[in-house]
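Thanks for making the time this morning.

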Amino acid sequence: MKIGELAKAAQTQTETIRYYEREGLLPEAARTDANYRMYDESHVQRLAFIRHCRSLDMTLGEIRTLLGFKDAPDESCADINVLLDEHIGHVAGRIRELKVLEKDLKLLREQCASGQANASCGILSGLEKAALEHSRAPAGKGHTAHIRGTHPQVGAPAKGSPAKVTAARKNADR
């Protein structure tokens, strides 16, 4: 199948497929005499795996690592458990950050009664005050410095066999 057919079968945009190929998540497709990429069912399955991992908010590095393990089915899955435990920790941390954010937003919402002039709006005043305080504070403090979906790139530098991935992860932890 051509890339458009793969995109339709995997419910993925063609540019995303090309990106995953460049990132080494998808193996290169065979080419026809006319230099068209030709994909097969294994590409559809691999894209489904990648898409599901992305829906679990896994980084491309984590997915690359998991694919390395998947491509070595006879290896131990102990490192897969470690990777997932680390990801669960990242998710738990983000949940804590979001709860703090929710509390801050609720406190801010309590600062304004409806129907008054914008010049007297407690929400706008609170946002302005917080913006001034934030601009004077050191970078990286609290949820205000957090960007959705970011956390350490587990397994990002490693490509290849699970043994290489494991060694690279251990070296990265040092």
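Predicted model: local features only at pLDDT ≥ 70, side-chain atom pairs only at ≥ 80, totals over all residues.

First, the overall layout. The protein chain has seven helices and two strands, and, read from the N terminus, its elements run α-α-β-β-α-α-α-α-α. Of the 174 residues in the chain, 29% are buried. Among contacts with a separation of 6 or more, 57% are between residues 24 or more positions apart.

Now to α3, which covers residues 41-55.

Is R46 buried or exposed? With a relative accessible area of 15%, R46 falls under the 20% cut-off and is therefore buried. Leaving aside residues up to four places away in sequence, R46 touches L25, L26, P27, L67 and D71.

That brings us to α4, residues 60-70. Ten of its eleven residues are buried, so α4 is largely enclosed by the rest of the structure; the buried ones are L60, G61, E62, I63, R64, T65, L66, L67, G68 and F69.

Two helix pairs involve α4, and I will take them in turn. Two packed helices are described by the angle between their axes and the distance between the axes. For α3 and α4, the axes come within 10 Å and cross at roughly 140°, which makes α3 oblique to α4. The crossing of α3 and α4 is right-handed. On the α3 side the residues are R46, F49, I50, C53 and R54, and they meet L60, I63, L66, L67 and K70 of α4. Sorted by class, this contact has seven nonpolar, no polar and three charged residues.

For α4 and α5, the latter being residues 78-109, the axes also come within 10 Å, but they cross at roughly 160°. How are α4 and α5 oriented to each other? Angles over 145 degrees count as roughly antiparallel, and α4 and α5 are therefore roughly antiparallel to each other. The crossing of α4 and α5 is left-handed. In this contact E62, T65, L66 and F69 come from α4, while D79, I80, L83, H87 and H90 come from α5. By class, the contact of α4 with α5 has four nonpolar, three polar and two charged residues.

Finally, two loop residues with backbone angles to note. Q11, which is not a glycine, has a positive phi of about 50°; Q11 sits in the loop between α1 and α2 and is exposed, with a relative accessible area of 62%. N35, likewise a residue other than glycine, has a positive phi near 70°, and N35 is found in the loop between β1 and β2.

Key. Residues numbered from 1 in each chain as written. Heavy atoms only, no water. Axes fitted to C-alpha atoms, helices over the stretch in contact; angles between N-to-C directions. Helix = DSSP H or I, 4+ residues; strand = E, 2+ residues; numbered from the N terminus. Parallel < 35°, antiparallel > 145°, perpendicular 65-115°, else oblique. Left-handed = near helix turned anticlockwise from the far one by under 90°. Contact = heavy atoms within 4.5 Å. Nonpolar A, V, L, I, M, F, W, Y, C, P; charged D, E, K, R; others polar. Buried < 20%, exposed > 50% of the residue type's maximum accessible area, 1.4 Å probe, protein only.
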